[in-house]
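Subject: Structure handover

Hi,

Here is the structure for you to look at. My notes follow below it.

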Amino acid sequence: MQTVTLKDMRLDGRRQSSNVSDRRGSGAGRRIGIGGGIVGVIIVAVLTLMNGGGIGDVVSNVVRQGGITMGGDAQPARELDAEDQRLYDLASKVLAGTEDVWTREFARQGWGEYECPKMVVYSGSVSSGCGTGTSQMGPFYCSADETVYIDLDFFRDMESNIGAGGDFAYAYVIAHEVGHHVQHLLGTLDDAHSAMNRMSERESNRMSVRLELQADFYAGVWAKLDNDMFGSLEPGDAERAIAAASKIGDDYLQRKATGREVPDSFNHGRSAQRVAWLKKGLATGDPLQGDTFSPRYEDL
């Protein structure tokens with residue numbers, strides 16, 4: 001397995017979060033769940049939708065492709081190495097940084113007390129409040145148990161499969177999932193999901209894009225404020241996160257998977273949109289400027 005070598009960010013001396021649970025090596029249960037991963041499930045879903053399938057077909061195909069765990073024995077855990085530990089420490093320190101930033105911001109904005117999310121680090125598959133997640137799904141946030149789930153091998157895959165490496169690129173992924181937690185605490189996530197249940201598939205996908213772009217924005221806000229508080233960013237860090245965002249847009253992934261785009265199936269946003277909202281958060285550091293729901297969809 002390829003070793004991640006591209007290191008950046010100034011994290012030496014930073015505290016680690018006490019809200020991280022290490023489940024690497026533990027088995028998953030027999031429940032079914034779909035997560036909010038960034039790369040793996042998107043490509044399976046894209047291929048299904050482009051061939052005329054619906055959401056039910058997407059679920060069936062993801063199951064067949066390994067994106068959903070329906071039971072069975074857990075895979076044996078491989079031996080952890082120094083890079084595994086480094087990535088674990090990075091994830092724990094980044095989560096701690098989100099705790100510090102959003103605790104202060106919630107108090108400053110008068111949003112009440114910030115309730116810190118938990119993070120579960122796992123390998124292969126994991127049982128969550130939203131069902132059973134697998135590493136193919138990528139990192140995901142479950143509002144039912146207010147937890148971010150991540151298989152740290154995803155970071156290695158980011159570098160080897162889509163050329164998006166570097167510690168700040170990985171931090172962006174974590175901060176994006178924490179952005180969904182912020183949406184959950186503010187009621188945005190539940191309101192959007194309630195509205196999506198009454199929408200056509202096309203409009204539901206568009207609402208999903210709005211949620212994802214706002215989570216990208218919140219990731220940028222966190223990065224700006226964390227750097228203001230701790231001086232965490234090195235030269236080139238922001239560019240690496242922006243490069244990562246440019247490679248996880250629906251248009252980029254669809255073209256990579258099939259050579260063409262199906263815009264009505266987008267549910268995370270175009271690369272240009274993801275980059276724009278991440279950059280806006282980085283530039284402003286102001287969570288009040290991340291309204292992705294009021295503008296016309298075409299203007300996002």
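Start with R86 and E83: their side chains form a salt bridge, with N to O at 3.2 Å. The two sit three residues apart in helix α3 (residues 82-109), so about one helical turn separates them. Both R86 and E83 are buried.

Keep in mind that this is a predicted model. Average pLDDT for the chain is 81, and 79% of the residues score at least 70. Two stretches stay under 50: residues 1-6 and residues 27-76. Where pLDDT is low, the predicted coordinates should not be read in detail.

Back to the salt bridges. The whole structure has 21.

- R108 is exposed because its relative accessibility is 55%. E105, at 1%, is buried.
- E298 pairs with R206, the closest N and O atoms being 3.5 Å apart. This pair links distant parts of the chain: E298 lies in the segment after α10 (271-284), R206 in helix α7, 92 residues apart. E298 is exposed, at 52% relative accessible area. R206 is buried, at 17% relative accessibility.
- D81, D84, D153 and R156 form a salt-bridge network.

One more residue in helix α7 (residues 201-230): V209. With 0% relative accessibility, V209 counts as buried. Beyond four places in sequence, its contacts are F266, N267, H268, G269, Q273 and Y297. V209 and F266 are 57 residues apart along the chain, yet their C-alpha atoms are separated by 7.1 Å.

Best wishes

Key. Residues are numbered from 1 along each chain as its sequence is written. This is a predicted model: local features need pLDDT of at least 70, side-chain atom pairs count only at pLDDT 80 or more; totals for chains, interfaces and linings use all residues. Side-chain values use heavy atoms; hydrogens and water are left out. pLDDT is the predictor's confidence in each residue, from 0 to 100. Contact means heavy atoms within 4.5 Å. Helices (H or I, at least four residues) and strands (E, at least two) are DSSP runs, numbered from the N terminus. Buried means under 20% relative accessible area, exposed over 50%, partly exposed in between (1.4 Å probe, protein chains only). A salt bridge is a side-chain nitrogen of Lys or Arg within 4 Å of a carboxyl oxygen of Asp or Glu.
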